[in-house]
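Please look over the structure shown below. The briefing that follows goes through a few of its features by topic.

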Amino acid sequence: MAAAAISRSTAAFRRLALLPALQLLMGCQPPHPQGQLVVANKSALESVDPVDVFSFAGTQLLSAVGDSLYAADSRGELQPRLATALPQFSADGLTARIPLRQGVRFHDGTAFDAAAMVFNLERFRRLGKLSYLLDDRIRSVRASGPYELELRLQRPYRALASLLSSVNFAPVSPTAYRDFAQRSLPQRFVGTGPYRLASFSPQKQQLLPFKQYWGAQPKNQGIHLITLSNSTALYGSLLSGEVDVLISSGLESDQQQALNAKAKRGELTMGSGPAAEIGYLTLMSQLPPFNQASLRQAVALSVNRPLISQRVSFGLRPPLRSLVPPPLAGSEPPAWPPYNPKAARALYQQSGYCTGKRLKLPLTFRSNVPSDRLFALTWQAQLSKDLGDCVELEVTGVESTTAYRQLEQGVYPMIVLDWVGDYPDPDVYLAPMLACSESQGERCLKGSSVAFGSFWSGAGVQTLLEQSEAESGAPRRARLQRVQQLAAQGAAYIPIWQVTPRAWAQAHLKPPRFDGSGRVLLQELESRR
């Protein structure tokens with residue numbers, strides 16, 4: 001009884017403690033007008049300029065105030081947005097022409113056309129933090145007509161529409177950004193999206209419907225995007241009713257599980273979208289003990305994904321045996337083997353372990369990422385129970401910025417990481433991990449494989465990646481599946497799980513919906529009534 005009373009008092013105190021912070025975020029203003037909604041997540045936002053944005057909070061905002069040329073729907077299928085059709089390629093595949101939508105207005109009332117899109121793509125190539133997305137693919141861009149865009153490509157790339165679905169390429173008004181062609185404009189956004197940015201601070205952004213929007217009007221009267229600093233604050237804000245919608249990014253698994261239970265009881269509504277984030281292990285393939293492919297393969301067979309998923313996330317992070325999350329091309333059938341301790345033991349024994357000698361597996365996890373720590377401890381216990389006479393997992397924590405900085409130096413024999421694709425296409429998962437422009441045998445000397453810390457180059461992988469760029473449909477899918485089969489044999493990367501994005505809303509709202517990139521469709525949020 002006493003313990004329950006203390007628990008209730010503690011919960012009440014936490015709710016009360018949230019109120020000053022929420023009132024401060026709302027600017028000490030009167031309650032927001034009827035029909036406007038408060039949406040919370042954990043990520044603060046320092047800039048709304050597309051050239052600066054790379055965080056979840058930034059892309060979530062851009063998806064509401066901007067439009068890209070194409071967008072993936074919830075099934076992963078591309079739909080034209082500011083374009084009116086898919087790119088038309090020349091016979092050699094090096095030129096693409098894209099027809100653009102007419103009658104579109106920027107938030108300042110000026111017209112969108114091909115010249116505006118050229119301004120934006122060239123500006124992004126100069127200033128964008130993710131400018132490599134364009135530089136690696138596009139040689140030049142020009143307006144071949146008032147509403148036609150022509151792109152000259154570095155090499156054939158049939159997934160061009162997927163690339164141009166990145167919300168980072170949402171165009172801004174050349175008139176409003178005339179003085180910012182060579183520098184960023186962090187606190188203002190003048191785009192073409194269904195909302196206009198009415199006010200901005202790193203912790204709060206107010207979005208109001210854009211009455212001249214070319215498409216369907218939002219189903220609500222506006223959105224207040226707010227940032228809360230930790231998972232407890234996020235969780236409490238939804239339960240207290242101070243927040244209408246809560247996005248799962250940054251929310252602890254046990255709290256997500258509790259919100260799911262409330263949704264099942266009808267106390268909240270809940271929606272989920274396609275995974276854009278994957279978790280995986282990187283094994284440094286050029287130094288002992290992981291310079292032996294058989295030992296890397298043994299480690300791949302030693303990961304009990306279903307158990308780890310359940311223990312770490314209550315099953316909210318589904319097991320993944322592919323470097324590409326479903327439903328993207330090449331994700332099925334999974335290339336990596338399931339948990340098989342018997343087969344793992346046989347491989348460890350071949351290398352002289354399990355008979356009085358244990359292999360020490362050094363695992364680094366990011367100390368500021370809670371799921372990393374839980375994964376490390378859960379896997380450590382699982383290995384001790386199932387293969388304790390063969391291996392011993394030694395875990396070490398390091399802060400994430402340090403880990404990223406040292407990754408390409410080959411410092412970490414094995415490290416748990418995550419990756420989020422910049423747009424929904426298998427290429428942005430496979431190429432960053434596996435591409436290698438210069439190699440010696442299975443050692444990558446130069447390329448993305450070095451930057452990602454594996455230093456692995458499989459025979460034929462780079463050729464297959466390059467060939468897949470010029471293909472589409474079934475031939476491309478088969479090529480990408482072969483890439484994954486080779487990567488699974490090399491076992492320098494071991495996928496663990498996918499992170500399914502979720503959002504919960506107050507019971508009077510319809511369940512939140514997601515786009516094909518795992519972002520909440522803010523314009524679709526509406527009351528059940």
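**Briefing: disulfides, backbone and helices**

The disulfide of Cys436 and Cys444 is right-handed, because the torsion about its S-S bond is about 110 degrees. A disulfide here is a pair of cysteine sulfur atoms within 2.5 Å. This is a predicted model, in which local features need pLDDT of at least 70, side-chain atom pairs count only at pLDDT 80 or more, and totals for chains, interfaces and linings use all residues. Residues are numbered from 1 along each chain as its sequence is written, and side-chain values use heavy atoms, with hydrogens and water left out.

**Disulfides**

- By the sulfur distance rule, the count comes to two disulfides.
- With bonded cysteines counted along the chain, the disulfides follow the pattern 1-2, 3-4.
- The sulfur atoms of Cys436 and Cys444 are 2.2 Å apart.
- Cys436 is buried, with a relative accessible area of 6%, and Cys444 counts as buried at 1% relative accessibility. Buried means under 20% relative accessible area, exposed means over 50%, and partly exposed is in between, with a 1.4 Å probe and protein chains only.
- In the disulfide of Cys354 and Cys390, the sulfur atoms are 1.9 Å apart.
- The link of Cys354 and Cys390 is right-handed, with 120 degrees about the S-S bond.
- Cys354 lies in the loop between H10 and E14, and Cys390 in the loop between helix H11 (370-387) and strand E15 (391-398), so the pair ties together parts that are 36 residues apart in sequence. Helices (H or I, at least four residues) and strands (E, at least two) are DSSP runs, numbered from the N terminus.
- Cys390 is buried, with a relative accessible area of 0%.

**Backbone: phi and cis peptide bonds**

- Most residues other than glycine have a negative phi, and most peptide bonds are trans.
- Cys354, a residue other than glycine, has a positive phi near 85 degrees. Cys354 counts as buried, because its relative accessibility is 10%.
- Phe314 is not a glycine either, and its phi is positive, about 55 degrees.
- Phe314 is in the loop between H9 and H10. At 35% relative accessibility, Phe314 counts as partly exposed.
- The loop between helix H9 (305-313) and helix H10 (341-350) also holds Pro333. The peptide bond from Glu332 to Pro333 is cis, with omega near -5 degrees.
- Pro288 and Pro289 are joined by a cis peptide bond, with omega about 5 degrees. Pro289 is placed in the loop between strand E13 (277-283) and helix H8 (293-301).

**Helix H2**

- Is helix H2 mostly covered or mostly uncovered? H2 (residues 56-65) is mostly covered, as nine of its 10 residues are buried.
- Among the buried residues of H2 are Ala57, Gly58, Thr59, Gln60 and Leu61.
- The buried residues of H2 pack against strands that include E1 (36-41), E8 (195-201) and E9 (204-209). Strand E10 (222-227) and strand E11 (245-247) also pack against the buried residues of H2. Contact means heavy atoms within 4.5 Å.

**Helices H13 and H16**

- Two packed helices are described by the angle between their axes and the distance between the axes.
- Helix H13 (residues 427-434) packs with helix H16 (residues 473-490) at an angle of about 40 degrees, and their axes are 12 Å apart. Axes are lines fitted to C-alpha atoms, for helices over the stretch in contact, and angles run from 0 to 180 degrees between N-to-C directions.
- That angle makes H13 oblique to H16. Angles under 35 degrees count as roughly parallel, over 145 as roughly antiparallel, 65 to 115 as roughly perpendicular and the rest as oblique.
- Which residues make the contact? On H13 they are Asp427, Leu430 and Leu434, and on H16 they are Arg476, Leu480, Val483, Gln484 and Ala487.

**Lys129**

- Lys129 is in the loop between helix H3 (114-127) and helix H4 (132-135), and Lys129 is exposed, with a relative accessible area of 52%.
- Leaving aside neighbours within four places in sequence, Lys129 is in contact with Val51, Asp52 and Phe54.
- Between Lys129 and Val167 there are 13 Å in space, C-alpha to C-alpha, and the two are 38 residues apart in sequence.
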